[in-house]
Amino acid sequence: MACPFFRRADSLTRQPSVVAEPGAHWALEDEELSDDALTLTHLQMAIQLLTAPSNEDLNTAVTSLVAKYRQNWPNIHKLKLDPQTFKSCANYDYLADIQELLLKMDEASASEILVLLGEELITCCCTGIIERAFRCLGTDLQEFLGSLDGVYDVLKLQEEDVTDTGFVCAGEGELIFTSERPVIAWLLLGSLKALTRMLYKVDVNIKIEPVEGDARRYRYLFSLVKDNSQTMLMGRPTFVSKTIPETVQRSNSSNASDLQMNSSSFCKMFPWHFIMNEQLELVQLGRGFSKLYKPYLADFGCQASTYFDFKRPKGLTMKFRDIVRRTYTPFLIGLMSPPGVSDFPAIGLEIKGQMVHCPESNSLLFIGSPFLDGLDGLTCNGLFISDIPLHDATREVILVGEQARAQDGLRRRMDKLKSRIEEANSAVTKERKKNVSLLHLIFPAEIAEKLWLGSSIDAKTYPDVTILFSDIVGFTSICSRATPFMVISMLEGLYKDFDEFCDFFDVYKVETIGDAYCVASGLHRASIYDAHKVAWMALKMIDACSKHITHDGEQIKMRIGLHTGTVLAGVVGRKMPRYCLFGHSVTIANKFESGSEALKINVSPTTKEWLTKHEGFDFDLQPRDPSFLPKEFPNPGGSETCYFLESFRNPALDNGLPIVEHINAAMKTISEGGDA
């Protein structure tokens, strides 16, 4: 049967309503409760299965549908999709594609297939905790429909959902569903059929029809399938008339005058209730409402809308028949000030409760409780704890709210204290980092860490350490012609460049005394390229001299000596400790510096051996006369001599490039190779 109001797919806006909203949290693994604990999240997931099924659930249902009804509709297999399709597209609207395919395939059967798909959706996906969530809504179908109305209304309020999607239990055997998408309405029909069979073991006929005047609203009318072999009480459908053997019980009078409680006692027991007649006039007020409004009834009449603002259900029209249809929905009523009354104490006070239709008098009874969470809300509205009856849980809510508020105050104070402690700790950490950074500037990393921890530091012997000594030629003469500030300024500019070279080549600066500058490599991180790094630094130091001049305009000229050998290193002193080098190699290195010349680098035989040991590094070493070899240097056969390091070339670069580029390229090469 073709659906008479089935909209074509091209008339609908495709929307990602079949996937969870970005802000919604459906993941159960985040819950700290036990796996079998039923929570509001499970209720939310269950109702989502009816109103916005996920792509994964739809695909599971489609797979089952195709397996069962392939013979009836040969092209139905086109509805199936590879799960990767919608996994790769977060906002893919699978349901819209199903609708389009059904209309192209067989428009006459589209609604029938959607109903069957809704049944498969429940059969395949309503299992375990989701089935339990549905079962908790009621013991029979009518209770289920009423709870569906109330629970979904609360869930929408919590999620701050402003859409019109929702349920209204309009009476016995009647449900009204609002949705922008007709395809969801037809799915829901099948889902409700399957749920009725699953939960209450009864088969029902459900007739769907549009609500006149609103194309987004659909009315579902339920009736039992007549089957004499089936026990009609299994689902206890209260909306179907059937003769049931009467149990022995005392007959109850429906006459109000025969009640065992008079209206005064009822008003005292339930202070926050009122009764309205068919004209929505107040005919009875509980003691709480009476305390607030009784003085004004004679002047302003008894019309309920004069005193009460019906905030929920949303969209409620103030007609007796419409209110009767919403008795399964929670009501939230705001108190209004009577006309012309400026000092009304309870203006804005909200009362949450239930509306009950009393057929014996054809009236409406509202019974509720003040919607408060603390004593302040109570007193601000001119109320007292005594205005809340003892049986009303609102008393506990108010007192627990006060306790929670006190705990929140304590928590806020603790948070402030924690924040201050964290700030202080952060400041201490920042200062600690400054101290550690300062130690790292003065000592090798390993030594700095031990000093910070307060550990003892033993002197240690290091083999194959390459040492550089340098001084400025004619420094005494320069000082005699300049002021101390001029000398300090000159050295500051020069040694600033040298310090940057130390960082670049990762060599350790031993000390600076006057014009003497000493570095060593092979102490804190030994490498086969320690001599290379010191030699390259020496070349850059000579190159940097050309960029610095004395106060009287002359170029600074340095002489440098290099030597590789074994040294003893250790921390000396407790106040202003120094990391000092000791041994014959230190003395020899200093002698090679003394035996050098202006703008020359004097290299010892051992350093020359390390520079030429590995291929790929072209150092220009010019031998000197053996007489320039320091007498302290051991030379048993007399065959050793010292060398001037003139330049360096990287075989991979053009010889015409500046020496700095050759050195930088070589450093990059050994860095990429792991600096063995």
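Here are a few notes on this predicted model.

1. Ground rules first. Residues count from 1 along the chain as its sequence is written, and side-chain values use heavy atoms, leaving out hydrogens and water. Because the model is predicted, local features need pLDDT of at least 70 and side-chain atom pairs count only at pLDDT 80 or more, while totals for chains, interfaces and linings use all residues.

2. Now the overall picture. You'll find 21 helices and 18 strands in the chain (DSSP runs numbered from the N terminus: helices are H or I with at least four residues, strands are E with at least two). Of its 676 residues, 44% are buried, meaning under 20% relative accessible area with a 1.4 Å probe, protein chains only.

3. Have a look at the open sheet of six strands, ordered 6-5-10-9-8-7 with antiparallel pairing (strands pair if DSSP finds at least two bridges between them). Strand 6 (282–285) and strand 7 (308–312) each have a single partner strand, so one side of each has no neighbour in the sheet. From one strand to the next, the twist averages 30 degrees.

4. Inside that sheet, strand 5 (residues 273–276) and strand 10 (residues 363–370) run antiparallel and are joined by four bridges. Ile-275 sits opposite Leu-365 of strand 10.

5. Leu-417 has 44% relative accessibility, so it counts as partly exposed (that is, between the buried limit of 20% and the exposed limit of 50%).

Terms used:
Axes are lines fitted to C-alpha atoms, for helices over the stretch in contact, and angles run from 0 to 180 degrees between N-to-C directions.
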